[in-house]
Amino acid sequence: MKEPRKILVTGASRGIGQAIAVELAQAGYSLLLHASVKENLYQTIEQLPAKAEYQALAADFSRPDAVGHFIQQLKKEHKDLYGIVSNAGIALDKPLSYQPEREIDLLLQVNLKVPILLGKLALKLFLKNREGVCINIASCIGQMGNAYQSVYAATKAGLVALSKSWAKEMGQLLPQHRVRFLSVAPGLIETDMTTNLDEQVLANYQSQIPANRFGQAQDVAQLIAFLISDRATYINGSTISINGGLL
């Protein structure tokens with residue numbers, strides 16, 4: 001019997017990452033679930049199907065040494081990795097003129113450098129295995145920009161450029177392959193991050209969405225499950241927007 005494909009989901013403890021983990025487990029994938037600390041994954045694990053295959057991994061992506069150890073663990077123990085969903089990210093909203101350099105560095109580290117290192121690993125593993133899918137969770141903010149989120153927007157726009165570049169790079173390195181690199185750009189999704197926003201701000205955002213509602217984490221999770229599957233083998237280097245028509 002063929003072993004289930006193994007997928008890494010970073011930032012799997014809540015919100016979009018948690019929904020992705022549950023959706024992929026229900027689809028029969030074997031999961032590597034990442035969070036800053038393993039205890040944060042308990043709620044996600046409780047929602048998985050009874051027979052789900054998973055392993056909990058912890059790494060504080062704000063610490064370069066922890067990231068290095070995490071990458072080495074993946075190289076050593078998970079050479080059969082089929083998919084990576086780079087979902088972990090942070091938002092530190094502030095006018096750039098008042099944003100401390102340490103916050104800028106933190107945004108670049110977590111939102112951009114870690115996905116770059118995971119993509120580097122994916123290129124190596126997938127090149128050897130001749131198959132694999134890497135999906136970067138970007139954002140509509142990376143496409144349209146937003147006041148007080150300039151660094152965040154830059155990191156998310158960077159994920160789009162990375163995915164396109166890696167797809168082209170793999171095409172030159174290995175003409176015959178089943179490797180894909182994609183990015184997904186969610187719009188306003190109901191998560192812990194949006195519930196903390198002012199009601200007037202939320203109402204203003206909703207007024208700009210033709211669907212007249214915010215998205216659900218499940219909406220994004222179902223898209224990810226499709227993109228990872230063999231039903232999407234000709235979707236490569238693309239950025240898929242899921243935003244209710246916001247753009």
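Me: Which residue forms a salt bridge with Arg178?
Reply: Asp230 does. Bear in mind that this is a predicted model. The closest N and O atoms are 3.3 Å apart. The pair links distant parts of the chain, 52 residues apart: Arg178 sits in strand β6, and Asp230 in the loop between α9 and β7.

Me: Are those two buried, partly exposed or exposed?
Reply: Arg178 is partly exposed, with a relative accessible area of 44%. Asp230 also counts as partly exposed, at 39%.

Me: Which residues are in the network with them?
Reply: Arg5 and Glu131. Salt bridges with shared partners join these two, Arg178 and Asp230 into one network.

Me: How many salt bridges does the structure hold?
Reply: It holds 7. One of them pairs Lys6 with Asp80, with the closest N and O atoms 3.0 Å apart. That one links distant parts of the chain too: Lys6 is in strand β1, Asp80 is in the loop between α3 and β4, and 74 residues separate them.

Me: Is Lys6 buried or exposed?
Reply: Buried, with a relative accessible area of 14%. The cut-off for buried is under 20%, so Lys6 falls within it.

Me: And what does Asp65 pair with?
Reply: Arg63, with the closest N and O atoms 2.7 Å apart. Arg63 is partly exposed, at 41% relative accessibility.

Me: Switching to the sheet. What's the strand order?
Reply: β3-β2-β1-β4-β5-β6-β7, an open sheet of 7 strands with parallel pairing. The edge strands are β3 and β7, each pairing on one side only. Neighbouring strands are turned by 20° against each other on average, direction ignored.

Me: How many bridges join β4 to β5?
Reply: 4, and the two strands run parallel. Gly83 stands opposite Val133 in β5.

Me: Which strands does α4 touch?
Reply: Helix α4, residues 101-129, packs on the sheet and touches β1, β4, β5 and β6. Its direction makes about 160° with that of β4. Helix α6, residues 150-173, packs on the sheet as well, touching β5, β6 and β7. The α6 direction makes about 165° with that of β6.

Me: Last topic, α9. How many residues does it have?
Reply: 12, running 217-228. Helix α9 reaches 17 Å from first C-alpha to last, close to the 16 Å expected.

Me: Which of its residues are buried?
Reply: Ala217, Val220, Ala221, Leu223, Ile224, Ala225, Leu227 and Ile228.

Me: What covers them?
Reply: The cover includes α1 and the strands β1, β4, β5, β6 and β7.

Terms used
Residues are numbered from 1 along each chain as its sequence is written. This is a predicted model: local features need pLDDT of at least 70, side-chain atom pairs count only at pLDDT 80 or more; totals for chains, interfaces and linings use all residues. Side-chain values use heavy atoms; hydrogens and water are left out. The expected span of a helix is 1.5 Å times one less than its number of residues. Buried means under 20% relative accessible area, exposed over 50%, partly exposed in between (1.4 Å probe, protein chains only). Contact means heavy atoms within 4.5 Å. A salt bridge is a side-chain nitrogen of Lys or Arg within 4 Å of a carboxyl oxygen of Asp or Glu. Two strands pair if DSSP finds at least two bridges between them. Axes are lines fitted to C-alpha atoms, for helices over the stretch in contact, and angles run from 0 to 180 degrees between N-to-C directions.
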